[in-house]
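Morning, everyone. I have one structure to show you today. Let me put it up.

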Amino acid sequence: MREILHTEDAPAAVGAYSQGVETDSLVFTAGQIPLTPEGDLLDGASIDIQTEQALENVEAVLADAGVEMSDILKVSVYLDDIDDFDQMNEIYETFFDEEAPPARSAIAVDELPKGVGVEIEAIATK
Ligand SMILES: C=C(N)C(=O)O
């Protein structure tokens, strides 16, 4: 089984990809950027705001598959500037159980789509 996720509670794709895809046992979100469900790009906002919006988008896509942030196995965080790492973490940790957060990679990249500061994707179990 491979089903495409689509929700109005997360922003539409900005390219040729689905917001998320689910299988019988797993949910994959697309990389979520700080774009509101209404289509407002928060590229000029602080990394706190950008991280919060990206994670809210991840949460909304997961909800479309009936799963929650606590079901996430692995997160990948892409930062435009590694100096934003600590600030991103401060917001990031508020979305997860302090004792059992998911596995994660955090990587600085040269550039992100639409000039944003952070992109976040997740894999969750059902
Ligand atoms: C924003 C994305 N996830 C993309 O362009 O693939």
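Predicted model: local features only at pLDDT ≥ 70, side-chain atom pairs only at ≥ 80, totals over all residues.

The scores are as follows. The protein chain has an average pLDDT of 98. 100% of the residues score at least 70. For the complex, the predictor reports an ipTM of 0.93. The pTM is 0.98.

Now the ligand. Which residues are around it? Tyr17, Gly31 and Glu119. Take Gly31. A polar atom of its backbone sits 2.9 Å from a ligand nitrogen. With Glu119, the side chain takes part: one of its polar atoms is 3.4 Å from a nitrogen of the ligand. How much of the ligand does the protein bury? On its own, the ligand exposes 220 Å². The protein buries 73% of that.

Where is Gln32? Look in the loop between strand S3, 26-29, and helix H1, 47-64. Buried or exposed? Gln32 is buried, because its relative accessible area is 3%, and the cut-off for buried is under 20%.

Next, charges. How many salt bridges does the structure hold? One. The partners are Lys126 and Glu22, at 2.5 Å from N to O. The pair links distant parts of the chain, 104 residues apart. Glu22 belongs to strand S2, residues 20-22. Lys126 is in the segment after strand S6, which spans 118-125. As a reminder, side chains of opposite charge can pair when their charged atoms come close. Glu22 is buried, at a relative accessible area of 9%. Lys126 is partly exposed, at 42%.

Last item: a backbone angle. Find Lys114, in the loop between strand S5, 103-108, and S6. What is its phi? Near 65 degrees. That is a positive value in a residue other than glycine. For context, most residues other than glycine have a negative phi.

To recap. The ligand has Tyr17, Gly31 and Glu119 around it. Lys126 and Glu22 meet in a salt bridge. Lys114 has a positive phi.

Key. Residues numbered from 1 in each chain as written. Heavy atoms only, no water. Near = heavy atom within 4 Å. Polar contact = N/O pair within 3.5 Å; in protein donor to acceptor, adjacent residues only side chain to side chain. Areas by Shrake-Rupley, 256 points an atom, 1.4 Å probe, with all protein chains shown as cover. Salt bridge = Lys/Arg side-chain N within 4 Å of Asp/Glu carboxyl O. Helix = DSSP H or I, 4+ residues; strand = E, 2+ residues; numbered from the N terminus. Buried < 20%, exposed > 50% of the residue type's maximum accessible area, 1.4 Å probe, protein only. pLDDT = per-residue confidence, 0-100.
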